[in-house]
Amino acid sequence: MSRNLIIGAVLSLFFLVLAALSFVWTPYDIEALDIPNKLHGPGGANPLGTDHFGRDILSMIMMGARTSIAVALVAVSIGMALGIPLGLLAAARHGSLLDELIMRGNDLVFAFPSLVIAILITAVFGASAVNAIIAIGIFNIPVFARLTRGAALPLWERDFILAARVCGKSAARISVEHILPNITNLMIVQGTIQFSLGILAEAALSYIGLGAQPPTASWGRMLADAQTLVSIAPHTALVPGFAILLMVLGLNLLGDGLRDWLDPRIRVARV
Amino acid sequence: MIRYALGRLTSLIISLFVASLVIFAVIEVIPGDPAAFMLGVNARPDTIAALRAEMGLDQSLVTRYFDWVTGLLRGDFGQSWTYKTPVAELIADRIWVSLPLASYALILSTLIAFPAGIYAASRRGGPGDITIMGATQLGVAIPNFWFAMILVLIFAINLRWFSAGGFPGWSDPLLAIKSLTLPAIALALPQAAILARVMRSSLLDMLGEDFIRTARAKGLSRRQALWRHAVRNALIPVLTIIGLQFSFLLAGGIIIEQVFFLPGLGRLIFQSISARDLIVVESVVMLLVFTVIIVNFAVDLAYAVVDPRLRAKT
């Protein structure tokens, strides 16, 4: 296993454990305000310090990890659940009107950056974590559709697919039984990368007020609150920023490591 | 080439048409009655009726869509409900912050990424390559708005080299550029990291090609073969990414404008969302999507110009 894979897995697992732990325990209640104890630096009873309401930053980071991971995970799931079948369908009907329609539809969604989708949704439905999920999820659909189609097309030319067709299997059955298992590794790697982009997008949307709303804890919201405090209490901005950086870095390294580990050609080349 | 360009042009027109339909549907159809939505739940019925008439909501959806699109084509984006001025004027004022910011960031990103990517590829596996690749991993993972806050903390608050925010206008160009410098750096860094990685991998692909071996066999030094043959060919995919990045920089600028309190399109769109001024939101979103589609179209054409294989395939 590569160094990237190990470092990435450890970092990602660390935040997953923090998020899971927040369901049963956090050092302090994040809704309990303690104004006399506000803006304390890291150390003592609050290892990562307190914010402008005297809330414990470590507890907020734990709860924020839960929000970030939940939003990014659901958004990637939406992208996979809709994008992979569309990509498989386009590949199975390569060159047809349906293929053309799916690909042009993808191009259209690509013209709407996730931020613009979020702006559109928020302008009409208001800001919330659910709307952030929808915005990031919609942006993920063409990513998976394109990747699936691109990976599936060369497989359709292979002999084992021809054999399946000769046996009388339908295009749908071939897609599910033969194409999908062969592109799963690729989807896992891309899923990891989109997951890290989802964490960044959720933080950005929450930062500008289009994502998770109070009292839901979010790393992006913590940074928005810290913006005016950065000169007097830098830790309020540094801690959530480093949390996002480490989580995204971990997932990116994990994605890179998984790609190398799951691709037998790269493994053989290394040996 | 002309056939290829015409094909892409048709695709461009269809994309713009469908995108405008989607934006119109989300803003003007889904809320039910946009006038009631904009005025809120406590609005009096006669106020809603007056706004309905002002916005032309008593006409059919098809007429409204047609009026909106033909207005856009004439440069008439409608009247802002909150500012009481034409939306086109609001956009024209703010685009002179957002567009230079995106362009400045693109120039910085390219200036950082090219030397970094070329150096890393030419020293593959060496300490320089490992350092640059490590730095790009960090660059890709760093949230740009957080990086912007760190830049403010260091260069504006501690060192006092730059202002922490605001924009003085273009009457003094040097001061204007100076006030856009920190935002442009914050915006450029993650894009530079991506671009450097693409540049490196594209150049490594080229360095493994037969024509480089031939060039070396004919007596060119490693450096000469790299600069005369490999870099030029490696630029093709890199230019595509640069084109695509411009759209992301324009959209990404919306967030950075918030950090630096810049009076650009981002500020306009967020103020309009808070004020429920759907007319402004609709036009600014259309403008952003229009830019992305046009840039993609230009990239496709540029790609076909530099890579004849693509034209032949289509």
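Which pattern does chain A follow when read along the sequence? Chain A follows the pattern α-α-α-α-α-α-α-α-α-α, with ten helices and zero strands in its secondary structure. Helices (H or I, at least four residues) and strands (E, at least two) are DSSP runs, numbered from the N terminus. The model is predicted: local features need pLDDT of at least 70, side-chain atom pairs count only at pLDDT 80 or more, and totals for chains, interfaces and linings use all residues. Residues are numbered from 1 along each chain as its sequence is written, while chains are lettered from A and ligands numbered from 1 in the order in which they are written.

The model scores ipTM 0.90 and pTM 0.89. For chain B, the average pLDDT (the predictor's confidence in each residue, from 0 to 100) is 88, and 98% of the residues score at least 70. Confidence in chain B is lowest in helix 13 (residues 308-313), with a mean of 62, and highest in helix 7 of chain B, at 94. Where pLDDT is low, the predicted coordinates should not be read in detail.

The C-alpha trace of chain A spans about 75 × 50 × 30 Å along its principal axes. Of the 271 residues in chain A, 50% are buried. A residue is buried if 20 or more other C-beta atoms lie within 10 Å of its own, exposed if 12 or fewer, and partly exposed in between, with C-beta atoms placed from the backbone. Two residues are in contact if their C-beta atoms, placed from the backbone, lie within 7 Å. Among the contacts in chain A with a separation of 6 or more, 71% are between residues 24 or more positions apart.

Helix 1 of chain A (residues 3-22) has 20 residues, which at 1.5 Å a residue should span 28 Å; its end C-alpha atoms are 29 Å apart, in agreement. The expected span is 1.5 Å times one less than the number of residues. The buried residues of helix 1 of chain A are A:Gly8, A:Ser12, A:Phe15, A:Leu18, A:Ala19 and A:Ser22. Seen down the helix axis, these buried residues fall within an arc of 115°, so they line one face of helix 1 of chain A. The arc is that of the directions from the helix axis to the C-beta atoms. An α-helix has 3.6 residues a turn, so residues three or four places apart point the same way. The face of helix 1 of chain A turned away from the buried side carries the exposed residues A:Arg3, A:Val10, A:Leu13 and A:Val17. Helix 2 (57-92) and helix 9 (235-262) of chain A are the elements against which the buried residues of helix 1 of chain A pack.

Helix 8 of chain A (residues 219-226) is mostly covered, seven of its eight residues being buried. These are A:Trp219, A:Gly220, A:Arg221, A:Met222, A:Leu223, A:Ala224 and A:Ala226. Their cover includes helix 2, helix 7 and helix 9 of chain A, together with helix 7 of chain B.

Two individual positions in chain A were examined. A:Ala132 lies in helix 5 (residues 129-156) of chain A and counts as buried because it has 33 C-beta neighbours inside 10 Å. Beyond its neighbours within four places in sequence, A:Ala132 is in contact with A:Val71, A:Ala118, A:Glu202, A:Leu205, A:Leu210, A:Gly211 and A:Ala212. A:Ala132 and A:Ala72 are 60 residues apart in sequence, and their C-alpha atoms are 9.2 Å apart. A:Thr184, in helix 7 (residues 171-207) of chain A, is exposed, with 12 other C-beta atoms within 10 Å. The C-alpha atoms of A:Thr184 and A:Thr148, 36 residues apart along the chain, are separated by 9.4 Å.

The contact between the chains takes 29 residues from chain A and 35 residues from chain B. On the side of chain B that touches chain A, at least two residues each come from helix 1 (2-29), helix 6 (127-141), helix 7 (144-158), helix 10 (222-260), helix 11 (265-274) and helix 12 (278-306) of chain B. Helix 12 of chain B gives the most to this side, with seven residues. By class, the side of chain B that touches chain A has 32 nonpolar, three polar and no charged residues. Ala, Val, Leu, Ile, Met, Phe, Trp, Tyr, Cys and Pro count as nonpolar, Asp, Glu, Lys and Arg as charged, and the others, Gly among them, as polar.
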